[in-house]
Amino acid sequence: MSFAIRSKGKTSQKKRHTDILDSTMAKIIFSDNDEVVELPDGSPIAEACEEAGVPFACTEGVCGTCVIEVTEGMENLSEFNQAESDFLGDQDRERLACQCKIRGGCVKIKF
Ligand code: FES
């Protein structure tokens with residue numbers, strides 16, 4: 001999987017691998033540190049979140065260590081799976097980063 005990390009207006013070298021795919025790239029904005037990550041539509045967000053500093057433990061939707069708050073773009077993430085529903089219950093701001101994928105567009109996350 002390729003993705004790019006941009007911080008404070010600069011683009012890392014990883015960006016060059018994604019230039020061709022810009023029309024199918026989704027974007028995650030981490031509001032804690034203003035980091036922007038681009039990744040292909042339909043990708044799991046776990047790796048990008050982990051690199052941005054979200055803590056992970058079980059990676060199976062059981063422990064809740066990877067809970068993130070989605071402040072914008074919840075509709076751009078995959079549907080809640082059973083693990084997320086079991087752990088998070090009925091609410092609309094939090095997700096388990098180890099369980100969801102980004103469909104496309106832009107999602108803004110706090111952790
Ligand atoms: S890392 Fe345990 S629920 Fe995501």
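1. Cysteine 66 is buried, because 23 other C-beta atoms lie within 10 Å (buried takes 20 or more other C-beta atoms within 10 Å of a residue's own, exposed 12 or fewer, and partly exposed is in between, with C-beta atoms placed from the backbone). Cysteine 66 sits in the loop between H1 and S5. Helices here are DSSP runs of H or I with at least four residues, strands are E runs of at least two, and both are numbered from the N terminus. Leaving out neighbours within four places in sequence, cysteine 66 is in contact with Cys49, Val54, Pro55, Phe56, Leu96, Ala97 and Cys98; contact means C-beta atoms, placed from the backbone, within 7 Å. Its C-alpha is also 8.7 Å from that of alanine 46, 20 residues apart in sequence.

2. Some housekeeping before going on. This is a predicted model, where local features need pLDDT of at least 70 and side-chain atom pairs count only at pLDDT 80 or more, while totals for chains, interfaces and linings use all residues. Numbering starts from 1 along each chain as its sequence is written.

3. The overall layout: two helices and seven strands, in the order β-β-β-β-α-β-α-β-β from the N terminus. Of the 111 residues, 27% are buried. Take the contacts between residues at least 6 apart in sequence, and 58% of them join residues at least 24 apart.

4. Setting aside residues up to four places away in sequence, Ile28 touches Val37, Ile45, Ala48, Ile102, Val107 and Ile109.

5. How do S3 and S4 pair? They are antiparallel, over six bridges (strands pair if DSSP finds at least two bridges between them). Methionine 25 stands opposite proline 40 in S4. The two strands make a hairpin with four residues between them, and aspartate 34 in the turn has a positive phi of about 60 degrees.

6. S7 is worth a look in the viewer. It pairs with S3 in the parallel sense, over four bridges, and cysteine 106 in S7 is the bridge partner of lysine 27. S7 also pairs with S5, this time antiparallel and over three bridges. There, valine 70 has isoleucine 109 as its bridge partner, and glutamate 72 stands opposite lysine 108. Which residues make up the covered face of S7? Val107 and Ile109 do, while Cys106, Lys108 and Lys110 form the uncovered one. Both Val107 and Ile109 are among the residues that Ile28 touches.

7. Last, the other pairing of S5. S5 and S6 (residues 94–96) run antiparallel, joined by three bridges. Valine 67 stands opposite leucine 96 in S6, and Leu96 is also one of the contacts of cysteine 66.

Conventions: Contact = placed C-beta atoms within 7 Å.
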